[in-house]
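I wanted to look up which charged side chains pair up in this structure, and then which rings do. These are my notes.

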Amino acid sequence: MITSNLSEVETRLTDFFTNKIDPKDMAKTIRRFKYLIALSVLEESEVFPFEKTNLKDDFYWLNELTEVLDPYL
């Protein structure tokens with residue numbers, strides 16, 4: 001008998017990636033979203049400095065998640 005020590009979040013994530021979407025498809029979706037956001041930020045000169053900092057942090061964590069889901073880099 002195997003005993004699972006997964007947290008509630010880990011269990012929900014496992015269920016999500018087992019029953020809802022393939023991890024590679026989710027990584028592709030996140031990468032496409034990051035690309036579109038980056039283009040819109042580059043084209044928009046009115047982005048406030050604090051928003052750019054937040055986006056930089058958000059991009060970092062989205063990239064980390066995509067690498068966990070489907071290593072690319």
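I began with Glu 8, which is exposed at 58% relative accessibility (buried means under 20% relative accessible area, exposed over 50%, partly exposed in between, with a 1.4 Å probe and protein chains only). I am reading a predicted model, in which local features need pLDDT of at least 70, side-chain atom pairs count only at pLDDT 80 or more, and totals for chains, interfaces and linings use all residues. Residues are numbered from 1 along each chain as its sequence is written, and side-chain values use heavy atoms, leaving out hydrogens and water.

**Salt bridges**

I searched the whole structure and noted three salt bridges (a side-chain nitrogen of Lys or Arg within 4 Å of a carboxyl oxygen of Asp or Glu). Glu 8 forms one with Arg 12, their closest N and O atoms being 2.9 Å apart.

I then looked up Glu 67, which forms a salt bridge with Arg 31 at 3.1 Å between the closest N and O atoms. Glu 67 is buried, with a relative accessible area of 19%. Arg 31 also forms a salt bridge with Asp 70, where the closest N and O atoms are 3.9 Å apart, and Asp 70 counts as buried at 18% relative accessibility. I wrote down that Arg 31, Glu 67 and Asp 70 are linked in a network of salt bridges.

**Aromatic pairs**

I found two aromatic pairs (rings of Phe, Tyr and Trp, the last by its six-membered ring, with centres within 6.5 Å; planes under 30 degrees apart count as stacked, over 60 as edge-to-face and the rest as tilted). Phe 16 and Phe 17 form an edge-to-face pair, 5.0 Å centre to centre with 80° between the planes.
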